[in-house]
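Open the model in your viewer and keep the selection tool at hand. The stops below follow one another.

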Amino acid sequence: MTKTKFALPKSSRLRKAFWLAVAAVVVVWMVRNPYQVRDGLDQLVHAVSVVFSGWEGGQ
């Protein structure tokens with residue numbers, strides 16, 4: 001029995017069109033939800049700062 005998996009199209013033109021559509025959807029979502037984008041970026045910056053603050057030696 002063969003299993004089908006989600007795969008990107010083989011043609012580079014279709015692949016570029018797919019990623020362009022994904023990017024367009026992301027941009028539209030960011031424009032329509034600016035406060036969620038801001039909060040998400042704030043959480044990401046906080047998480048990165050917490051991770052890198054542990055590299056100072058624990059003092």
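At what angle do helix 1 and helix 2 pack, and how far apart are their axes? Select residues 12–32 for helix 1 and residues 34–53 for helix 2: they pack at an angle of about 100°, with axes 5 Å apart. Helix 1 is therefore roughly perpendicular to helix 2, a label for angles of 65 to 115 degrees. Axes are lines fitted to C-alpha atoms over the stretch in contact, and angles run from 0 to 180 degrees between N-to-C directions.

This is a predicted model, in which local features need pLDDT of at least 70 and side-chain atom pairs pLDDT 80 or more, while totals for chains, interfaces and linings use all residues. Residues are numbered from 1 along each chain as its sequence is written, and side-chain values use heavy atoms, without hydrogens and water.

Next, select W29, M30, V31 and R32 in helix 1, which meet P34, Q36 and V37 in helix 2; contact means heavy atoms within 4.5 Å. The residues of this contact comprise five nonpolar, one polar and one charged.

Now go to F18 and W19. The structure holds one aromatic pair. The ring centres of F18 and W19 are 5.1 Å apart and the planes stand at 70°, so the pair is edge-to-face (centres within 6.5 Å, planes over 60 degrees apart). F18 is partly exposed at 28% relative accessibility, and W19 is partly exposed at 47% (partly exposed lies between buried, under 20%, and exposed, over 50%, with a 1.4 Å probe and protein chains only).

Finally, select the whole protein. Of its 59 residues, 2% count as buried.

Key. Helix = DSSP H or I, 4+ residues; strand = E, 2+ residues; numbered from the N terminus. Parallel < 35°, antiparallel > 145°, perpendicular 65-115°, else oblique. Nonpolar A, V, L, I, M, F, W, Y, C, P; charged D, E, K, R; others polar. Phe/Tyr/Trp six-rings, centres within 6.5 Å; stacked < 30°, edge-to-face > 60°.
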